[in-house]
Amino acid sequence: MSYGLSKFIKNLLPRRLFYRALLIVAVPIIVLQLIITIVFFDSLWIKTNKGMTRALVGEMKTFITAYDNGKYNNNDLSGLFSIYLDLNVEYKDGQLFDKSSNERWFSPIDRTLRRELKSNIGNGNYWFDTTSYKELLHINIKHNNGYFEFFIPKDRVASTSARMFALWITLPALLMITIAIIFLRNQTRPIVNLAKAAERFGRGENIDEYRPSGALEIRRAGLEFDKMRKRIMRHLNQRSEMLSGISHDLRTPLTRLKLQLSFIKDKELSKKMSLDINEMEKMLNEYLKFTSSSYLEKNETFDISELIDSTISKYDNDNISKELIPRVYMNGRKNLIQRSLNNIIDNSIKYADQIKLSLSKKNNNIIITIDDDGLGIPKNEYQNVFKPFYKLDKSRGDSKSSVGLGLSITSDIIKSHGGNIVLERSPLNGLRVKIFLPL
């Protein structure tokens, strides 16, 4: 129960650091302002409003009592109350105030006025309107065969300090939250930049000189990331240089062996040895492709639909069909994507007759599907075939035709672009390869 509640609360909370930090800063300010506002309205504004309303109703009762006393001229009495108490009153004899009520149940003024009139005048003996006039209250009080009609300024029952208080309590809170947003954005920007740099580096993109910024802890994390990046780049460069040297050193004796084979009189032996040398060259090329650094190629925006179409056209194979949506653009390393497509198509051509490629978009992903009608791959081998140098049963074909690096290279290329590659059973009863790439 508690775990479900905790998970529900976590789902409600923002996921980004900036909004979480803003929540930590803003919520206490808002709660404090609400508490102060409630205390003010309860202890000061509402009580002040109640006292002013009670005094007004008392003055109205005093006027009615004096009116009934008869010691004063009624016109003079109305004039005195109008001059000294700001009560504009007129008695309308022989008339009934049959008017619809315009009371607002959510208004503190209406609630207080209704409560005081009900307790002092009696239910059904009064009518008031606080909305028809901007600066006046309209109150009718039943008396004998008619009613008294009062027009009273609203400031007699409402304190003007409430608006000033609301203004002064709202503006500083908004100002503090705005300042907090500015400072929090400046503090979270270095973290966002570090995350973007790490993401780009993970995808194999070339990163310009990274400059750590922000708080001391963030700077330290940025410096350590930059040191790690430089160590990895140095290691990759050393590996590339070493492989280039190995490639040069191995190709030279292989070339000499080929030349020497031409002088061997036994043609059958020469042919067998030549096949072994060609296989060694092929394996060497595969090793170099697998271990070569992809960081040397820069990202570019290209039309992957056009790339797939041109790749299929180069094979000039009528058994390869396509179903592509036009003008699908992505950012990545074009040559590496083409290499991964070539690896998959080459495998399909080797083991199948019919091949179908399709391209589609879903949400923010590009989906490339390659179906064939070949022998397929057992479900329990789907993950193993992506391992370097892993090959299935020798009965699948000529074991010397590859060294088991094609799908490993393809998987590395796709994942370095932030995508994924999965294997499934094809509708053509062969293998289906699905490639997911981010737009």
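Me: Buried means under 20% relative accessible area, exposed over 50%, and partly exposed in between (1.4 Å probe, protein chains only). With that in hand, which residues of H9 are buried?

Reply: Bear in mind that this is a predicted model, where local features need pLDDT of at least 70, side-chain atom pairs count only at pLDDT 80 or more, and totals for chains, interfaces and linings use all residues. Residues are numbered from 1 along each chain as its sequence is written, and side-chain values use heavy atoms, with hydrogens and water left out. Helices (H or I, at least four residues) and strands (E, at least two) are DSSP runs, numbered from the N terminus. The buried set in H9 is Leu336, Ile337, Gln338, Ser340, Leu341, Asn343, Ile344, Ile345 and Ser348.

Me: How do the H8 and H9 axes sit: parallel, perpendicular or oblique?

Reply: Axes are lines fitted to C-alpha atoms, for helices over the stretch in contact, with angles from 0 to 180 degrees between N-to-C directions. Those of H8 (residues 304–315) and H9 (residues 334–351) come within 10 Å and cross at roughly 45°. Under 35 degrees counts as roughly parallel, over 145 as roughly antiparallel, 65 to 115 as roughly perpendicular and the rest as oblique. So H8, relative to H9, is oblique.

Me: How many nonpolar residues does the contact of H8 with H9 have?

Reply: Contact means heavy atoms within 4.5 Å. On the H8 side, Ile304, Leu307, Ile308, Thr311, Lys314 and Tyr315 take part, meeting H9 residues that include Ile337, Leu341 and Ile345. Ala, Val, Leu, Ile, Met, Phe, Trp, Tyr, Cys and Pro go down as nonpolar, Asp, Glu, Lys and Arg as charged, and the others, Gly among them, as polar. Alongside 3 polar and 3 charged residues, the count of nonpolar ones is 8.

Me: Is Glu59 buried or exposed?

Reply: Glu59 sits in helix H2 (residues 17–69). Skipping residues up to four places away in sequence, Glu59 touches Phe81, Leu85, Leu87 and Arg156. Its relative accessibility is 19%, so Glu59 counts as buried.

Me: What about Asn144, is that one buried or exposed?

Reply: Asn144 belongs to the loop between strand E3 (136–143) and strand E4 (146–153). Its phi is near 55°, a positive value in a residue other than glycine. Relative accessibility comes to 61%, so Asn144 is exposed.
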